[in-house]
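Open the model in your viewer and keep the selection tool at hand. This tour moves from one selection to the next and says what is there.

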Amino acid sequence: MKKTAFYSVMLVLLGILMPFNLIYADGSNKIFEGAPCINPPYIIGNYPETTFLFYIPTSGERPMAWKADDLPKGLSLNSETGIISGKVTDAGEYTVTLTATNRLGKDKQQIIIRIGEELALTPPMGWNSWNTFGRHLTESLIMEIADAMVKNGMRDLGYAYINIDDFWQLKERGADGHIQINKEKFPNGIKYVADYLHERGLKLGIYSDAAEYTCGGVCGSIGYEDVDAKDFADWGVDLLKYDYCGAPFGQQEAIERYTKMGKALRATNRSIIYSVCEWGQREPWKWAKQVGGHYWRTTGDIGDHWSNKVIGPGLGVMEITDMNAPLSEYAGPGGWNDPDMLIVGISGTSMSIGGNNKSGCSDEQYRSHMSLWCMMASPLLCGNDIRNMSRETLETLTNRNIIAINQDVLGKQATRSIRADYFDIWVKPLSNNEMAIACLNRSDKLLDVLIDSKTIPGLTANADIKDVWAGRNLGKLSDGLNVKLEPYQCKVYIFSGK
Ligand code: GAL
């Protein structure tokens, strides 16, 4: 063999064997090891003249130092904390170059800060109190969750919002016309918690309802939208989940009620993400964005189980997937379908949602759930107790490659190109002419599925393949990829090149 031919073969082999962007090579928590890696989101929206806050999610060994070139006027970076903050007056699209440096190297990444009328240019990521804690939420829980998110590295993979769900309020509105905070749960008020989160570059979400009382029977916002929105803004809230218990059934009434709160939020001095939660009963995918919504529930509540054909109550991951699958055309930057929050790692510990009270789903099923939510460009709001989770759960929630698919700047929700009896094939176009393809085994049997250029339009034999969960390059597609799936497994691949 000629020397050059030998080197080319070796290079190809090296490319195939080299892990790409892999955080966990040996099963250990490597978020805080190695050279820096700036993780998504790479595009951030904010309203003009409102507070901007963004922690640059970066994995790699600490200490780390950050630099930001070409920040728009009004923003500044704290190079030691990695937090960009300030206020921008002029609408526009600003390309900013970020650099993260540590003892082992540096990473450079261009991001876009778009000051204008849109928020949530990629699906929001964070945590919500409901799925595990239900009514049992307190100030110290929220602050401990924030500490955990910083400590376990989730913040460095892009998780930013910590959302207080139902039961932070008292039942009756105060004589002064304001919602009364339950001081047994939040003795120092909501602003205190918001400040604590903001100091760490995290953001606070809150919850209310478009009727007199919430689903939990405490104070809702109907008739007081302006007062409540202003209170939320004064407290430093960054997101509102607006529920629909106790409100009229018709679509028109729902549109009116959601419009009122949408306008009230936009009239505040903050960029507040608006989550529309009427469980998909009035086709919100057709109107929620117009009333100021940034994501909208497409289904009823999730339960901690794979399929409610087997066990209920609450919808299973499979039923929700089937309901959300046909809605891809409605999702995009600034407005997302929300197939409800993640149940990854709840493992039967929920105090609110139904499910299999013994153990929830298997780790494989939780991983597949994560893959599907990432493919469907869903908001990634986990709900497990992240202060105390298994290595498998942490690895599922913080896999950089699968999150990058969710956060891709093109903002496409995957479409299902094949729905067979026991398996699905999903296709999600990505930026840079890449394409993510997921193969899901719905059954409890081993399964072989073939991906080739005949079954998937747009794929060519010359495409390079990466296995997302294994973090490995697999070479060219050639005459097809034979995918071996364990029971309930979802394998995800990225195809690049023509
Ligand atoms: C439901 C909502 C859940 C949770 C709950 C609180 O309507 O879908 O996600 O917010 O209310 O009571």
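Start by selecting E2 and strand E3 (51-55): each supplies at least two residues of the lining of the largest cavity. (Strands are DSSP runs of E, at least two residues; helices are runs of H or I, at least four; both are numbered from the N terminus.) E3 gives the largest share of that lining, five residues. A cavity here is a set of points on a 1 Å grid, over the protein atoms alone, where a 1.4 Å probe fits but cannot get out; lining residues have an atom within 4 Å of a point.

This is a predicted model, in which local features need pLDDT of at least 70 and side-chain atom pairs count only at pLDDT 80 or more, while totals for chains, interfaces and linings use all residues. Residues are numbered from 1 along each chain as its sequence is written, and side-chain values use heavy atoms, with hydrogens and water left out.

**The largest cavity**

Now select Pro41, Ile44, Phe54, Tyr161 and Lys203. Of the 30 residues that line the largest cavity, these lie nearest its centre. The space inside is about 420 Å³. (A volume is the space filled by probe spheres set on the points, and grid points are joined across faces, edges and corners.) The lining divides into 18 nonpolar, eight polar and four charged residues. (Ala, Val, Leu, Ile, Met, Phe, Trp, Tyr, Cys and Pro count as nonpolar, Asp, Glu, Lys and Arg as charged, and the others, Gly among them, as polar.)

A cis peptide bond joins Pro40 and Pro41, with omega about 10°. Pro41 sits in the loop between strand E1 (37-38) and strand E2 (43-46).

Go on to Pro63. Arg62 and Pro63 are also joined by a cis peptide bond, and omega is about 0°. Look for Pro63 in the loop between strand E4 (58-59) and strand E5 (65-69).

Next, select Asp70. Its phi is positive, about 65°, although Asp70 is not a glycine. Asp70 is in the loop between E5 and strand E6 (75-78). Most residues other than glycine have a negative phi, and most peptide bonds are trans.

**The second cavity**

How many cavities of 30 Å³ or more does a search of the whole structure find? There are two. Select strand E13 (239-243) and strand E15 (295-297), which each supply at least two residues of its lining. Residues of that lining include Asn128, Leu239, Lys241, Tyr295, Arg297 and Asp338. By class, the lining has four nonpolar, three polar and four charged residues.

**The largest pocket**

A pocket, unlike a cavity, is an open set of points, with protein on both sides within 12 Å along at least five of seven lines. The largest pocket holds about 530 Å³ of space. Select Tyr42, Ala404, Asp408, Ser431 and Asn432: among the 22 lining residues, these are the closest to its centre. The lining divides into eleven nonpolar, seven polar and four charged residues.

**Helix pairs**

Show helix H3 (residues 139-151) with helix H4 (residues 189-199). They pack at an angle of about 5°, with their axes 10 Å apart. (Axes are lines fitted to C-alpha atoms, for helices over the stretch in contact, and angles run from 0 to 180 degrees between N-to-C directions.) H3 and H4 are therefore roughly parallel to each other. (Angles under 35 degrees count as roughly parallel, over 145 as roughly antiparallel, 65 to 115 as roughly perpendicular and the rest as oblique.) The contact, meaning heavy atoms within 4.5 Å, includes Ile142 and Met143 of H3 and Tyr192 and Val193 of H4. By class, it has seven nonpolar, no polar and two charged residues.

Finish with helix H5 (residues 225-235) and helix H6 (residues 251-266). Their axes come within 8 Å and cross at roughly 40°. H5 and H6 are therefore oblique to each other. Glu225, Asp226, Asp228, Ala229 and Phe232 in H5 meet Lys260, Met261, Ala264 and Leu265 in H6. This contact has five nonpolar, no polar and four charged residues.
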